Every structure is written in structure tokens, then in C-alpha cells.
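Dear colleague,

Please find below the sequence and the structure for your files. My notes on what was found follow directly after.

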Amino acid sequence: MRRLNRKKTLNLMKELDAFPKVPASYVETSTSGGTVSLIAFTTIAFLTIMEFMVYRDTWMKYEYEVDKDFTSKLRINIDITVAMRCQYVGADVLDLAETMVASADGLIYEPVIIFSFTTKCFCTSIFRMLQLIQNRLQEEHSLQDVIFKSAFKSASTALPPREDNSLQSPDACRIHGHLYVNKVAGNFHITVGKAIPHPRGHAHLAALVSHESYNFSHRIDHLSFGELIPGIINPLDGTEKIASDHNQMFQYFITVVPTKLHTYKISAETHQFSVTERERVINHAAGSHGVSGIFMKYDISSLMVTVTEEHMPFWQFLVRLCGIIGGIFSTTGILHGFGRFVAEVIFCRFRLGSYRSTSVPLPDGHTNNHLPPTPANSSG
């Protein structure tokens, strides 16, 4: 009884077989079929390799939401070299709430030698490389994704140590460090004279500095907002400006966007920013008013960007791979069958065109245009 049930089950499974087997003696191979099969296998191998490379790659997903955090402080990371002596310049921040953050709260004034590029050739090559990267980022915005992926939390961001010639006296000032400010629009500036508090804001003691010593040529080695993330290149890193006049103002209008970065290497909260640059010579007689110096006016965006690194799931890779293999086999089979059909039609027409009928005379004077029947095996 069990054998009978088992036999019925096997017969039922055979009837449900969607992949019937054809005996090898019924299969006809051809040269064209072999050529098409070779092309199909080569295409499958190539597309499989390309699909595997896509599977290994990652991409950045951008999501936007309203930034609801207005109570925390914003960190500004600064490293700027100005072509003036440290005792002649002062740096501070003044925001819209009339809150002044003095440079003494976190900035260091370091006298350095020869503003035009203070250090060894190795450092100079780093600055040149930063400038090249900035130029490429302005042309190809997709490189920003590569920079996000290259961020490391444990990597070092410090520039190589400066090795100045001790025989020369310092003639420039490197201002570096960080400040904590309110998350409102503000103005970080470097101008002549040290800053002093004032009931209506603040002022700089510029009267004690000779006008001939004004020179706001500068190089921005680093400027960023938020947590310091190694590997991230910011828009102003490596920027160099040469003043053409003693009374020259350099302005940077910055829009800061809070950013949460989540990659497979790092998870951090930082800030991206975009910048517009402007420079002009101060000439009160010509109507160009202002104060000589370097002014960075920043504003905080109300939107927050969440940047997440994503990867193709393995099941999706398998589905796409099966689609490639099945699609190529089906397509090549259809194209091969259609090609054979067209070839047979063309060859048949050639054969019909080359066919010529034979005339056979009849006793009554008519002609028979049909071929005479071929006799069967005639006996001798």
C-alpha cells in the first residue's frame, strides 16, 4: 500500500515538472547556436563582474529635516595665517545677540616666519594639493561623497610641524584654535588692533598701529564648524589671498548647515557650509566704506542634513544576478530563433528564384510545363 502511494506521489511530481528533459539523441547542435552561446556566456561573465563591483560599492543617502536644537553651542575650528605681526592684529566673534567671544577664549597667536609659505616644501605641497582638490570639488560635486566615505574618527588632522629658520624674525601671525559661539548668525573677523569690550558692541585699538604695516594677505589652512572630523576637506581649506592694497577688506559669506554623518567608519555630528567670497579696497573718497581686515559672516541654516552610507543587500544582489542570467539566456534564444527564421526565409527565396521549369511536348501539339513524375525503382 505504501509503495502504491509512493508511486502515485512520484507520478504526480513528474506531471508537475516544469523542466522536462529532452533526450540527447533529439538535440541538434549547430555552429550558429554555439556562437550565440559563446557570446551569451561572455556577456553573462562581464555583467556578473560589473554587478559584483556595484554590490561592493556604497552610496550616500541624503535626508532633510528641521533642526530643532538651538540651545547648544557651535564650535568654530580656525587655523589662519595673516601677513602681519601678532601684536598688530586681533580676532573675535560678534553675533546677532550682541554677544562677543574674545579670541582669548580658545585661540592661540603664534608668530611665524615669512607668510609666503612659512614652512618646508612638504607643507607647501600639502597646500597645493588642497587647492587642486578644492578646484575639482567645484567642478564635480559627486567627489563630496568620496570625501565623506574617507572620513576617519581616529585619524590625525594636524599639519606637519613648522620648522622655521630661527635666524629670521617672525613677520606673520598664525591664529589657530577653536571658539564656542551661540547657534545664531555672527561675524568672525580679524582686523587691526586688539579687541576691547564696549557697551554697544566692541572696538579695536587700531590707532596704535601704523597704516603702512597693514597687510591682510592671508592663507586659510583650516576652517570648519562643529566636531572636527579627520579626512573631511572644507570649502576654504587651502585658500590663499594676496592683498593689493593696505586698505583691503576680504569678506566670506558663509551658510552653515548642521549635518549628521553616518558611515561604516564613523558616526558624528558636524556642519557643512557653503561660502561666497568678496574682496575690495577701502576708499572712503570713492564711496567704498568699511574696515580693513578679514571678515567671515556666517548664518545657521534651519534645515539639518542626515548623510547615511548605504549598501546593496545581498538578497537584492542575488535577484539582480538571476535577472541578468535569465534575461540574457532568454534574449539570446529569441534572437537566435528569429535569426534562423529570417535566414531560412531568405535562402528559400533564393532557391525558388533559381528553379527553372522543363517543357515536355505532347502528341496533340500542346506543351506540358510540369516536370514528369519521377519513376520508382525501375527494374532492368
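One cavity of 30 Å³ or more is present in the structure, which is a predicted model. The volume of the largest cavity is about 30 Å³. Its lining consists of Ile 76, Phe 188, Leu 223, Phe 225, Ile 254, Met 296 and Tyr 298. By residue class, that lining comprises seven nonpolar residues, with no polar and no charged ones. Strands β10 (218-226) and β14 (293-300) each contribute at least two residues to the lining of the largest cavity.

Turning to the cysteines, a search of the whole structure gives one disulfide. The bond is formed between Cys 86 and Cys 173, with an S to S distance of 2.2 Å. It connects distant parts of the chain, the two cysteines being 87 residues apart: Cys 86 sits in the loop between β2 (73-82) and β3 (89-95), whereas Cys 173 belongs to strand β6 (residues 172-182). The disulfide is right-handed, because the torsion about the S-S bond of Cys 86 and Cys 173 is about 105°.

Both partners fall below the 20% limit for a buried residue: Cys 86 is buried because its relative accessibility is 11%, and Cys 173 is buried with a relative accessible area of 0%. Cys 322, by contrast, has a relative accessible area of 56% and is therefore exposed.

Finally, an unreviewed UniProt entry lists residues 35-55 as "transmembrane region". In the model, this span is 100% helix and 0% strand, and the end C-alpha atoms of residues 35-55 are 30 Å apart.

With kind regards

Note on methods:
Residues numbered from 1 in each chain as written. Predicted model: local features only at pLDDT ≥ 70, side-chain atom pairs only at ≥ 80, totals over all residues. Heavy atoms only, no water. Disulfide = S-S within 2.5 Å. Helix = DSSP H or I, 4+ residues; strand = E, 2+ residues; numbered from the N terminus. Buried < 20%, exposed > 50% of the residue type's maximum accessible area, 1.4 Å probe, protein only. UniProt positions renumbered as here; feature names shortened; annotations may be inferred. 1 Å grid on protein atoms, 1.4 Å probe; cavity = no way out; pocket = protein on both sides within 12 Å on 5 of 7 lines; lining within 4 Å. Points joined across faces, edges and corners; volume = space filled by probe spheres on them. Nonpolar A, V, L, I, M, F, W, Y, C, P; charged D, E, K, R; others polar.
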